[in-house]
Amino acid sequence: MYGVQPQDVLPFGRLLLQQLHRHGVTAVNQQLVCPSDLLQHWRDPNLLLSQTCGFPLVNLLQQQVQLVGVFSYQSPYCSAEYYRSLVVVRANDDGQTLADFRHRRVAYNSIDSQSGYNALRALITPLAVNGRFFSHGLASGSHYQSIDMIRRQQADIAAIDCVSFALLQRADPSMVAGLKIIAQTEAAPGLPLITSLSTSKEQLARIRQAITDTVNAPEAATAKDKLLIRAFNVLPWSAYNVIKQMQATAFAAGVITL
């Protein structure tokens with residue numbers, strides 16, 4: 001789910017495939033895929049390993065997939081396996097706090113995004129009047145497109161996943177040079193790795209060990225750094241309840257959309 005360019009994932013993916021084979025994980029597809037229909041992909045009964053977002057995990061995939069684990073990332077806004085979103089605006093905008101952006105245009109990557117939508121909706125809930133805070137909500141399709149819309153003055157504000165922000169800042173500092181951070185959302189567990197319900201307990205244990213060995217392998221240092229991966233850990237389903245709580249709090253206050 002991360003990487004400024006799709007090919008950024010390939011070096012780490014190849015090393016992970018080697019470790020999966022080494023640990024006897026069968027039916028490994030030699031070709032890494034970036035499916036266009038993510039929900040169908042995540043629900044595939046033959047899914048061996050993928051990464052999803054916490055929001056679809058708790059709203060669309062519970063009792064349909066198994067949790068494998070979660071990476072922690074190299075971002076100053078991450079806390080171990082937890083991450084947050086950065087609320088960004090143009091650096092030359094007079095607004096300094098979230099309250100200053102009432103009745104402004106917000107860009108978001110998609111309505112099923114924890115970092116770009118659900119977390120921001122929870123953050124604006126105390127400021128909303130009659131369920132509304134922003135004047136318009138504009139779907140961009142990705143965090144990077146949301147940033148571009150702000151820079152082009154097509155939108156005024158957006159919540160950007162802190163890992164995505166760090167990746168873009170490293171790859172092309174000019175893309176974020178004209179932005180400032182005015183707020184941060186509540187932290188939530190990072191983007192979960194999942195497998196299908198048909199994956200056996202033994203196979204799941206082997207997958208977890210293969211990921212751990214990939215992350216810890218000296219030869220993976222460069223590939224891991226390219227994605228800002230720091231470590232791998234296993235979290236329980238209950239850790240993701242905070243995402244449901246954000247949604248419930250907003251809904252209870254009548255804040256249904258951005």
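Me: Where is Gln153 found, in terms of helices and strands?
Reply: Gln153 is found in the loop between helix 5 and strand 7 (157-161); helices (H or I, at least four residues) and strands (E, at least two) are DSSP runs, numbered from the N terminus. The model is predicted, so local features need pLDDT of at least 70 and side-chain atom pairs pLDDT 80 or more, while totals for chains, interfaces and linings use all residues. Residues are numbered from 1 along each chain as its sequence is written, and side-chain values use heavy atoms, with hydrogens and water left out.

Me: Why is Gln153 called exposed?
Reply: Gln153 has a relative accessible area of 53%. Exposed means over 50%, buried under 20% and partly exposed in between (1.4 Å probe, protein chains only), so Gln153 counts as exposed. Phi of Gln153 is near 65 degrees, a positive value in a residue other than glycine.

Me: What makes Asn130 exposed?
Reply: The relative accessible area of Asn130 is 79%, and this residue is therefore exposed. Asn130 lies in the loop between helix 4 (114-124) and strand 6 (136-139). Its phi is positive, about 55 degrees, although Asn130 is not a glycine.

Me: Is Ser113 buried or exposed, and why?
Reply: Ser113 has 4% relative accessibility and therefore counts as buried. Its place is in the loop between strand 5 and helix 4. Leaving aside neighbours within four places in sequence, Ser113 is in contact (heavy atoms within 4.5 Å) with Cys53, Phe55, Asn118 and His143.

Me: Why is strand 7 called largely enclosed by the rest of the structure?
Reply: Five of the five residues of strand 7 are buried, so the strand is largely enclosed. Ile157, Ala159 and Asp161 point one way from strand 7, Ala158 and Ile160 the other way, and all are buried. In a regular strand the side chains alternate between the two faces of the sheet.

Me: With which strands does strand 7 pair, and in what sense?
Reply: Two strands pair if DSSP finds at least two bridges between them. Strand 5 (residues 105-108) and strand 7 have two bridges, in the parallel sense; in strand 7, Ala158 is the bridge partner of Ala107 and Ile157 that of Val106. Strand 4 and strand 7 have five bridges, in the antiparallel sense, and Ile160 in strand 7 is the bridge partner of Leu86.

Me: What makes strand 6 and strand 8 (179-184) edge strands?
Reply: Five strands form an open sheet in the order 6-5-7-4-8, with mixed pairing. Strand 6 and strand 8 each pair on one side only, and these are the edge strands.

Me: Why are helix 5 and helix 6 called roughly perpendicular?
Reply: The axes of helix 5 (residues 143-151) and helix 6 (residues 162-171) come within 10 Å and cross at roughly 70 degrees. Angles of 65 to 115 degrees count as roughly perpendicular, under 35 as roughly parallel, over 145 as roughly antiparallel and the rest as oblique; the two helices are therefore roughly perpendicular to each other.

Me: Which residues of helix 5 and helix 6 meet?
Reply: From helix 5, His143, Tyr144 and Ile147 meet Ser164, Phe165, Leu167 and Leu168 of helix 6. The residues of this contact divide into five nonpolar, two polar and no charged; Ala, Val, Leu, Ile, Met, Phe, Trp, Tyr, Cys and Pro count as nonpolar, Asp, Glu, Lys and Arg as charged, and the others, Gly among them, as polar.

How values were computed
Axes fitted to C-alpha atoms, helices over the stretch in contact; angles between N-to-C directions.
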